[in-house]
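Open the model in your viewer and keep the selection tool at hand. The stops below tell you what to pick and what you will find there.

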Amino acid sequence: MSQARVKARTPATESVFAERFGVFAECLLTGVWIAVASLGVVTFPAAFAAGARHLRRRIGHESGGLREFVADFRVAVRGGWAVGLAGWAVAAAVRVDVQAARAGIPGGPLVGAIGLFALIGAVVALLRAAASWTPDAGWRALLAGAGRRTVLDLPGSFLIIGGLAVVAASAWFAAPLAVPVLGAVAAAAVAVEERYRYR
């Protein structure tokens, strides 16, 4: 049998460009799913966790789609809603700190800056915890581990902060653009967690 016939029978593999563009498109779609699942306000951690798990499946060449995302979201939201509620409480406390700083209270600017940095660190830890979520993992353990990784892996944490800055810039430029970009932040968080695990 000729070599040309053997090549013709071999299944065509996806080019590197097509594979990477496919992952990018999947990130944008996942961002939409995350945004829709976050409409409950306190459901954002669960939505982000389900989105990150979907992207891990996609990168690992496993099957999965909207049905699996919804199933993951239902499991993640059982404990994730409390995490979301606590996140809003922390954000409200930081807002009070910032308002105190603007009011001219002695030591206010320092307290406001510390509160703002603490909020950024808490958001990064939350995203890292959600990026490593699995159905059998508890949120408390995930957040404790993610808090340590946020401090110990500063380059990875700054990468996630950069992703959040892109979301903010997209929202400032055109609010609807921030929705699909959420998926890119989920992909960045997954990549940061994988990098930390194998370093």
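Select Trp139. Leaving aside neighbours within four places in sequence, Trp139 is in contact (heavy atoms within 4.5 Å) with Pro45, Ala46, Ala49, Ala76, Gly79, Gly80, Val83, Ala130 and Trp133. This is a predicted model, where local features need pLDDT of at least 70 and side-chain atom pairs count only at pLDDT 80 or more, while totals for chains, interfaces and linings use all residues. Residues are numbered from 1 along each chain as its sequence is written, and side-chain values use heavy atoms, with hydrogens and water left out.

Of the 37 residues in the largest nonpolar core, Phe48 and Trp139 touch the most other members. A nonpolar core here is a set of buried Ala, Val, Leu, Ile, Met, Phe, Trp, Tyr and Cys residues joined through side-chain atoms within 4.5 Å. Buried means under 20% relative accessible area, exposed means over 50%, and partly exposed is in between (1.4 Å probe, protein chains only).

Which elements give two or more residues to this core? They are helix 2 (16-37), helix 3, helix 4, helix 5, helix 6, helix 7 and helix 8. Helix 8 supplies the largest share, nine residues. Helices are DSSP runs (H or I, at least four residues), numbered from the N terminus.

Now show helix 3 against helix 5. Their axes come within 7 Å and cross at roughly 45 degrees. The axes are lines fitted to C-alpha atoms over the stretch in contact, and angles run from 0 to 180 degrees between N-to-C directions. The two helices are therefore oblique to each other. Angles under 35 degrees count as roughly parallel, over 145 as roughly antiparallel, 65 to 115 as roughly perpendicular, and the rest as oblique. The crossing is right-handed, meaning that the near helix is turned clockwise from the far one by less than a right angle. Colour the contact residues: Phe44, Pro45, Phe48, Ala49, Ala52 and Arg56 on helix 3, with Leu126, Leu127, Ala130 and Ala131 on helix 5.

Next, the charged pairs. How many salt bridges does the structure hold? Seven, each a side-chain nitrogen of Lys or Arg within 4 Å of a carboxyl oxygen of Asp or Glu.

Pick Arg57 and Asp72. Their closest N and O atoms are 3.0 Å apart. Arg57 lies in helix 3 (residues 44-59) and Asp72 in helix 4 (residues 66-102), so the bridge ties together parts that are 15 residues apart in sequence. Arg57 counts as buried at 10% relative accessibility, and Asp72 does too at 5%.

Move to Glu193 and Arg128. This salt bridge has its closest N and O atoms 2.6 Å apart. Glu193 sits in helix 8 (residues 178-198) and Arg128 in helix 5 (residues 108-131), so parts 65 residues apart in sequence are tied together. Both residues are buried.

Stay on helix 8 and pick Arg195. Its side chain meets Asp153 in a salt bridge (3.0 Å, N to O). Asp153 lies in the loop between helix 6 (139-152) and helix 7 (154-173), so this pair links parts 42 residues apart in sequence. Is Asp153 buried or exposed? Asp153 is buried, at 0% relative accessible area, whereas Arg195 is partly exposed at 39%. Select Arg149 as well: Arg128, Arg149, Asp153, Glu193 and Arg195 are linked in a network of salt bridges.

Finish on Thr150, in helix 6. Thr150 counts as buried at 9% relative accessibility. Not counting residues up to four places away in sequence, Thr150 touches Gly121, Val124, Ala125, Arg128 and Ser157.
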